[in-house]
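Trainee: Please take me through one part of this model in detail: the place where the two chains meet. I would like the contacts themselves, and then the salt bridges and surface around them.

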Amino acid sequence: MKKILSFLLCVSMIATLAVGISGCGKQEESSGGRHVVMTYFYGENLPKDIDLVEAAVNDYLKELGSDLTMEFYPISVYSQNYSTILMTDPIDLMCVAFGSSPIYYAQMEMIQTITDEEIQKFCPNILEMNDEFDMMVRNSQGEIVGISTRELGFYNGGAYVIRKSDLNAIGLADQYPDGTPVTLSDLEMIFAKLKEAFPESYPIVSKMDESSHAVSVDPLGNNKFASGVLDFSTNGTESTQIVNYYESEAYVNFCKFMANCYANGWIDPEAETSTVTKNAAFINGVARGVLLEGLPSLRDDFATQVGEECVRLQILTPTCVPQRAEAITWAVAGPSENKQAALEFLDLFWSDVKLMNLIQWGIEGTHFEIVDAENGIIRYADGLTAETSGFRMGGGFYGDKRYIYVYESTVDTYEEQVAAKQEERAAMEAASQNPSPAGNFIYDSSAHDVTIKNIEAVIDRYANIMALGGYTDEVYAEFIAALKAADIDTVIADKQAQLDAYLAEING
Amino acid sequence: MQRKAKTLSQNGMWKRSVITYLMILPGLIYFIINNILPMYGITLAFRNVSYKLGPLNSPLYPLEDLFVNFEMIFKQDIIGILLRNTLLYNVVFIVLDIVIPVAVAILFNAIESERSKKIFQTAILLPNIISWVIVGYIGYAFLSEKSGVISHLLGVTDFYHNPIYWPFILTVFHLWKCLGMGMVIYVSALVGIDASMYEAAKLDGATWWQRTVHITLPHLKKMIITMFILSLARIMTSDFGLFYQLPMNSSYLKDVTQTLDVYVFNNLVGNDPNIGLNAAVSAFQSVVGFILVILANFVIKKVDDESALF
């Protein structure tokens, strides 16, 4: 009996292994033709109606003769696992975002280059849209490596959001109405008063990202600033002189500001290691304010969550820095054999209002109802809410963003919401009027790979410490000396030469 | 007739052994899949990895550039810090992972109450099964500036801002987590020692210390050497969870917490998905470990042939 049982156990283990092995490396084969597999993201939880929406998308696409598989990833996983995803999933269309450089990915053959002829042939709508807003992301050889989202302008303006009642409590509500531009000195004064009025709380609980909130720059495709930037804070948006970001006056001011924040207890000393998110801390009152990146209307999301009016204090002048490391680019994945279908789908995705809203907000009638088609305002269907709705993708990392619907506000009147939407558009238009002089230039750093790695290692070592209030004259001098020793000046000179050549070419 | 009987006997043995061999098979298959086949992946370190072609179809670098990925690693300034941290921590861990578990195993073996033994064994082994993520938060509960128990007791509030403490903190947590498993291995060797040797020594008037030095330790020698050689194989690798999760990835601590494994992880999840470069780091770790094992075994064989692993 024991022998029989042992034998059966062995056989079952071998069979299980065999089944496991046969499953290994088994990928969903792309069916070719017009079947496209694209990446897609969700925030914290996968919406429960995801299959329903995917089926609805395919029903819609069937009329157009193509079909789509959406590969879902949490944003946090996706942004850190491009290489694994490409190695394991049969992706045709992939989103390159979150500070990743499409040029570098094209060099690594993670994404395919696209010719102008292919765009002409397979993406006529994108080509037409491109006349008024350049969405083609190109490498230094002029090849297209991806298509960016169509926005009115990338809005690069950081802000500080605070409850209006708190501003009232410290007697500054009249002096700082919503949208007021503030300097770091203004913020120091506000933080000091907040700390005095609310000693148990902090004015902020998260470390500040200076590139979003204190120093306005265009890094020209290198998100760690290792190769120099155009510094708008110090030199304005006209200069095409590439400088060492860490030597700029604006950066030094930021470092001193952060050191002051920590020394005075205006920021949670555990900002770096704390597990409480800055939004949660603001909502539960541990933080009196929250640092915000992006459009003014995001202030209303906080107002909804804290249940009272909030005020947004503008720290950086919004600038338009389109289509580079900061923006979102869609590209044909390197291993894809479906380039034509991928590009055709991208063209549809960028121009079909119904399709882009279907993917973002779900099925009309099931998940949402249109309130105002002209202004693109919707509400949840049948008494659903944000919590009970089976589908809601807030990110919207694709398409022509001018035509993405927005949900009606729960705190503002309808008129106020329309006004807010118009404010948002005006803000983006204003940012578009303040563009980076470098156009669509992206730095090709392939000649200095090792040097850039060395510079990045220095930045990793010092920059975060500076942002965490670790500035002293000695440490700063050490930081700059280490950057020089890592040869940052050579890389900046190379980048300047490439930019000059690019500008000379586009200026004829 | 005799030959026929022998053959029948052999057949019987073979039949009886089939089940045993079958039981080896799943483990063998697992070993081949998990340990042997991935060895081919070491070639990635010598390939110009293309995502389009796939890692295993990517071309090898030409002979004159075969080590280009390795060159790229060793040209980076950070490599000094990575090697220093990886090597020094491992040297400390190798020594302490032998000395302390052996000492604890000997003390544990001296406990006579079976009930006490079970309680101590469970208590010492428990940390071994807790994930580093959880250990990271346990550490945070002790060391955080605002609410850390140890921070308040010692009046030190900059544990996560000051790298000076971390070589000690990392060592303590490593020992706390790994002590149990090391101890169990040595205890299993101690159980095999003939109790009559201790009784005879006791009758001859040997003290506990003398019995330990002259009976216990010589019997543990082979196990200690085996564990030492196995540790050498991992001298260029590090416990990723210890160095990444426990310091909560604090920027202030990177000088003392960055090891080769943390570097590879940061590369792969960051914006540099250069698989060839990261594979080269892994290949370097393996080759150094392999050479050290061979060397150590060679030296041990020269000194004491019986104690060598192979």
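Mentor: A polar contact here is a pair of N or O atoms within 3.5 Å, where, within protein, one atom must be able to donate a hydrogen and the other to accept it. The model is a predicted one. Between chain B and chain A, 5 residue pairs are in polar contact, with both residues at pLDDT 80 or more.

In total, the contact takes 44 residues from chain B and 43 residues from chain A. The size of an interface is often given as the accessible area lost when the parts come together. For chain B and chain A, the buried area is about 3800 Å², and carbon and sulfur atoms give 62% of that area.

Next, the charged pairs. Side chains of opposite charge can pair when their charged atoms come close. Between chain B and chain A the count is 1 salt bridge. A:Arg461 and B:Asp255 form a salt bridge in which the closest N and O atoms are 2.7 Å apart. Over all chains, the count comes to 11 salt bridges. A:Arg461 has 35% relative accessibility, so it counts as partly exposed. B:Asp255, at 23% relative accessibility, is also classed as partly exposed, since that class lies between the 20% limit for buried and the 50% limit for exposed.

In chain B, the side chains of B:Asp304 and B:Lys221 meet in a salt bridge, at 2.6 Å from N to O. B:Asp304 lies in the segment after α13 and B:Lys221 in helix α9 (residues 208-233), so this pair ties together parts of chain B that are 83 residues apart in sequence. B:Asp304 is partly exposed at 23% relative accessibility, and B:Lys221 is partly exposed at 38%.

In chain A, A:Asp489 forms a salt bridge with A:Lys484, and their closest N and O atoms are 3.4 Å apart. A:Asp489 has a relative accessible area of 38%, which makes it partly exposed; A:Lys484 is partly exposed at 35%. These two residues also belong to a network of salt bridges that links A:Glu247, A:Lys484 and A:Asp489.

Returning to chain B, there is a nonpolar surface patch of about 950 Å². Among the residues that make the patch are B:Trp14, B:Tyr21, B:Phe31 and B:Ile36. With 43% relative accessibility, B:Ile36 counts as partly exposed.

Finally, some context for chain A as a whole. Its secondary structure comes to 20 helices and 15 strands. Of its 508 residues, 56% count as buried. Chain A exposes about 21200 Å², with carbon and sulfur atoms supplying 51% of that area. Among the contacts in chain A with a separation of 6 or more, 75% are between residues 24 or more positions apart.

Key. Residues are numbered from 1 along each chain as its sequence is written. Chains are lettered from A and ligands numbered from 1 in the order in which they are written. This is a predicted model: local features need pLDDT of at least 70, side-chain atom pairs count only at pLDDT 80 or more; totals for chains, interfaces and linings use all residues. Side-chain values use heavy atoms; hydrogens and water are left out. Patches are made of residues with over 30% relative accessible area and no salt bridge: like charges are joined within 9 Å, nonpolar side chains (Val, Leu, Ile, Met, Phe, Trp, Tyr) within 5 Å. Accessible areas come from the Shrake-Rupley method with a 1.4 Å probe; for residues, only the protein chains shown count as cover. A salt bridge is a side-chain nitrogen of Lys or Arg within 4 Å of a carboxyl oxygen of Asp or Glu. Buried means under 20% relative accessible area, exposed over 50%, partly exposed in between (1.4 Å probe, protein chains only). Contact means heavy atoms within 4.5 Å. Buried area is the accessible area (1.4 Å probe) that two parts lose on being put together, summed over both. A polar contact is a pair of N or O atoms within 3.5 Å; within protein, one must be able to donate a hydrogen and the other to accept it, and residues adjacent in sequence count only if both atoms are side-chain atoms. Helices (H or I, at least four residues) and strands (E, at least two) are DSSP runs, numbered from the N terminus.
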